[in-house]
Amino acid sequence: MTDRVILEVKDLCKHFAVKGKGVLRAVDHVSLQLHEGETLGLVGESGCGKTTLGRTIVKIYRPDAGQVLYEGRDIWQQKGRADLEYHKNVQMIFQDPYASLDPLSVISTSIGEGLDIHGMYKGKARHDRILELLQMVGLNKEHANRFPHEFSGGQRQRIGIARALAVEPRVIVCDEPISALDVSIQAQVMNLLVRLQDEMKLSYLFITHDLSMVRAISNRIAVMYLGSIVELADADTLYTHHLHPYTSALLSAIPIPDPDVEEKRSRMILSGDLPSPIGLGAGCPFASRCPRAKDVCRQSRPMLTEMEKGHFVACHRAKEG
Amino acid sequence: MQHVLDVRDLAVSFFTYAGEVQAVRGVSWYLDSHETIAIVGESGCGKSVTIQTVMGLLQSPPGRVKAGSVLFDGREMLGLPARELRQMQGNRMSMIFQDPLSYLNPTMRVGEQIAESYILHNHVSRAEARQKVLDMMRLISFPEPERNMYVYPHQLSGGQRQRIMVAMALICGPEVLFADEPTTALDVTIQAQIIELMNELKEKVHTSIVLITHDLGVVANMAQRIYVMYAGQIVERGSARDIFYRPRHPYTWGLLASVPRLDQKQRRNFTFIPGTPPDLLSPPKGCAFAARCPYAMAACASFDPEEAAFEGDGHYARCFLYHKGAEAMLQKAQKERGIEA
């Protein structure tokens, strides 16, 4: 991992108009940097905007405000070849290995599609490249001419990874790549992702709700709540010296597979549910569930500020310790 | 002492166009009153089918119970006439499911849905049931029960819906509650609420719980005893501490090792179980785990292992490593796993 920033998200907003209800601020003024060769974990509960952020980065959505910079260049300012180049360099792996593959195409077609679009590897080289990719993800060449329904969930996710890797990307947005898999298969796919990262110096934006897994693989972790990043720090700091009350609640809610540890743990159970993300007020989005909320929290929104080097928190009360 | 539930040698198959899928292949377990047991395993291991059969919810055809017995309070449940079965379902045993939205009726107010089984089983009027519904909603700490009993499921969040499911399941005070992946569809902060609720209610309404899950963290929080299932069989059983701290079956080792833990630091290499579970259309001869087992021996592929007993409270594993002829392999396994003999 280097300190060179490969992808930067600056003050990004993505809002959706919900008919008759108002505006859903799915991503609200989010900024983050992805370093070369790094894994940045992006965690949060359903509806927090983590997937929307990932999709905005790969240009599935057009942001309402803010920028996405790749190698310092705004991706929405470039057209033609430069735009195509961006799509080659930033790929995505999807959550559902069943829905993300075309059921009517054999997998060599799905994997090779990107190669054709970008004019890479033609003729025999294209064929060899597909077989090489299959091998890289732990499948073999007999699999090339099979249809998605002939594969298990874990194998399909490998195919999704092969497809993303085909065009030699530098950044991969992984959107819950292992959530649909059984635990023993999750570990297989994670090992694959880690190995590929080392071999190809890939940078991952790893979107997940699985906080145990994300700790194991991430260099840094960003915690999202209702469209905003509430805390960002390197992985160990986030788990041992977290400052935001939501991070504390989230971490204490994860059960640890160890009865003795669980017996001794004190758990901070949040009351209530996630409030509706539509038409949020001016205050801190977490104020309605926060055990430490004061008047200031309901009135003004805390900014993400650097408390210690590399440790960012958006909380009025974090400074008080 | 008589067990509340006693399942013996249960075998269930599904007869499909492709052939007979042997989903459950001779499973025995029991449940005592006031305890929570967990049946743990990956998708397709037969844990849900086992529970559906016990509840009398097995769809037949294509499903068929091939052998075994299910004793509830000493009474045989398999082959019970539908009428008698219905008197038990929702009354003396009930179930909560993974996805509350697909099990709640979208066109009925939640209060009515909670009351439904109470009215049916206790022959009371709706007005009488109303008070009971309010009590239940208070018991599950549902805010503003007087108002919220009139809302529809779509107006509630996932966690609230799951609470409604819990209230529905417990209103008749069942002796047994089956919970099939009760928190899998929920966010972690909501999962923590539901786990706490179920542990609390178990004491308050004196029910016993059969928990089905693949999440070992949830198991560590709820269960006193654990059954580990693989390919339609129970491969290991014992107290929660036996299974977590003194696991004996190679599949249990693999399962425990492949789960990352929140209290562990970064690592670049995850232990995993190679391969995939066998196809139950044609289950392999011998131990079903042999093909994926790092310590498989010649015997494993041809003979079914017997259960080996261990110290502790009813701790058994179905594995040849503990056969007297397998000492060398057992030593190798224990050395590799860092287990003291």
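How many residues of domain 1 of chain B are in contact with domain 2 of chain B, and how many does domain 2 supply? In this predicted model, 25 residues of domain 1 touch 17 residues of domain 2. Contact here means heavy atoms within 4.5 Å.

Start with the division of the chain. Domain 1 of chain B covers 5–223, and domain 2 covers 229–260 + 271–337. These bounds come from an automatic or database domain assignment. Taken over C-alpha atoms, the two domain centres are 30 Å apart.

Now the interface. The domains bury about 1700 Å² between them, and carbon and sulfur atoms give 61% of that. Buried area is the accessible area (1.4 Å probe) that two parts lose on being put together, summed over both. B:Arg25, B:Glu42 and B:Leu216 supply 39% of the area that domain 1 buries against domain 2, more than any other three residues.

Next, the polar side. The rule does find 6 residue pairs in polar contact, both residues at pLDDT 80 or more. Such a contact is a pair of N or O atoms within 3.5 Å; within protein, one must be able to donate a hydrogen and the other to accept it, and residues adjacent in sequence count only if both atoms are side-chain atoms.

Residues are numbered from 1 along each chain as its sequence is written, and chains are lettered from A in the order in which they are written. Local features need pLDDT of at least 70, interface totals use all residues, and side-chain values use heavy atoms, without hydrogens and water.
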